[in-house]
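Trainee: I have a chain open and would like to learn how to read it. Where do we start?

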Amino acid sequence: MATRRTPHAPRIGLALAGGGPLGAIYEIGALCALEESLLGLDLNALDGYIGVSAGSFIAAGLANGITPRQMCRAFIENDADAGFEVSPTAFVHPAWGEYLQRLASVPALVAQAGWRYAFKGRSLLSAFERLGRALPTGVFSNAPLEAQMRRVFDADGRSNDFRRLARQLIIVATDLDSGESAPFGLPGWDHVPISQAVQASAALPGLFPPVKIGSRHYVDGALKKTLHTRVLLDRGVDLVLCLNPLVPFDASQAPHTRTLASGDERIPRLVDGGLPVVLSQTFRSLIHSRLELGMKGYETSHPHVDIVLFEPDQRDPEMFLANIFSYSQRRVVAEHAYQQTRADLRARRATLGPVLARHGIAIDDGALDDAKRHLVGRRPLARGRTARALRRLEQVLADLERALPPAVQA
């Protein structure tokens with residue numbers, strides 16, 4: 001890390017990775033812990049924000065003045081007084097338009113496949129490969145998510161226009177046809193509405209269809225890089241705080257508890273979890289190896305910048321075994337992320353303290369050592385028609401999580 005004190009007021013940036021709804025929930029819990037434990041850090045007044053996939057919504061909210069606690073109240077606790085609403089239905093709306101469009105193409109594709117087989121000398125398998133074009137590119141529509149984000153950012157005191165924000169915000173997606181990163185918010189890319197950039201950055205292939213912006217189609221920003229921290233580094237920040245929700249699990253070092261806080265049973269060996277767990281470990285290992293390589297590269301390319309990374313403990317089975325698209329367990333996951341981040345700060349207090357102090361940030365020992373602090377309290381049983389509808393919706397979402405194919409869950 002850097003040892004040179006900057007001659008100007010420290011410039012601080014925040015980089016948020018993706019990870020599905022689980023990643024967003026983790027980041028909200030972790031940010032709440034950082035907000036109350038670090039004196040001199042205003043998460044709504046940083047010099048730059050960069051968000052990828054699920055992290056794009058969190059970054060856009062912070063740049064718009066929405067505090068981590070407000071996000072927790074709206075997204076985790078369904079608090080109607082949070083100042084904005086994020087309904088879980090935005091994540092599970094079937095992509096009916098995509099289904100109908102692909103279905104309408106089936107007769108022509110069948111005819112083309114028959115022609116290729118009968119008159120072009122193609123094999124039967126090759127001819128029917130053409131029918132793959134009839135498969136939908138996403139299970140759920142991301143249009144409701146964009147509409148909700150638009151309403152949130154169009155509210156008084158906020159903006160859905162990158163150019164009107166007081167703080168630099170960059171939302172990264174991936175151009176589907178070229179494979180190149182699309183840094184929405186930078187000059188030349190800042191005419192796109194923030195809500196649409198978030199929609200594109202969070203368009204995980206297979207789950208959500210690509211997002212058309214202009215004449216191009218965009219998908220999840222994590223396809224190219226995990227954090228895209230270099231965008232902030234190249235803009236002259238002195239300190240970058242990074243949050244990455246997904247890490248590979250080290251089962252050999254995990255505590256040997258049989259039952260987790262979420263109520264799930266711990267898997268003694270990853271292979272015993274079958275294909276979903278193996279795929280999850282593979283996916284997490286791949287994206288984390290990219291992150292580690294990037295961090296090593298930044299030490300060489302930007303030696304005078306401090307980079308502090310927060311992520312789950314790799315020995316923690318709670319975060320690994322949580323469904324990456326979980327919404328029904330959001331309170332448990334958020335509280336766990338909050339407490340785990342506080343524990344991480346306590347464990348690294350001696351080394352992080354001097355680094356943060358170079359940038360005008362101090363660790364609040366009183367808040368950090370207060371064992372009574374919690375993110376979410378016990379929720380009283382709500383009454384009324386709306387409350388019953390919300391409980392029914394949560395049950396439907398829980399059933400949907402269990403019904404998702406293993407490859408999608410991982």
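Mentor: Start with the surface: the chain exposes about 19,300 Å², and carbon and sulfur atoms supply 56% of that area. Accessible areas come from the Shrake-Rupley method with a 1.4 Å probe, and for residues only the protein chains shown count as cover. This is a predicted model, in which local features need pLDDT of at least 70, side-chain atom pairs count only at pLDDT 80 or more, and totals for chains, interfaces and linings use all residues. Residues are numbered from 1 along each chain as its sequence is written, and side-chain values use heavy atoms, with hydrogens and water left out.

Trainee: How many helices and strands does the chain have?

Mentor: Helices (H or I, at least four residues) and strands (E, at least two) are DSSP runs, numbered from the N terminus. This chain has 16 helices and 10 strands. Strand 9, residues 306-310, is mostly covered, with 4 of its 5 residues buried.

Trainee: Which way do strand 8 and strand 9 run?

Mentor: Two strands pair if DSSP finds at least two bridges between them. Strand 8 (residues 239-243) and strand 9 run parallel, joined by 5 bridges. Leucine 243 stands opposite phenylalanine 310 of strand 9.

Trainee: What does contact tell us about sequence separation?

Mentor: Contact means heavy atoms within 4.5 Å. Among contacts between residues at least 6 apart in sequence, 77% join residues at least 24 apart.

Technical notes:
Buried means under 20% relative accessible area, exposed over 50%, partly exposed in between (1.4 Å probe, protein chains only).
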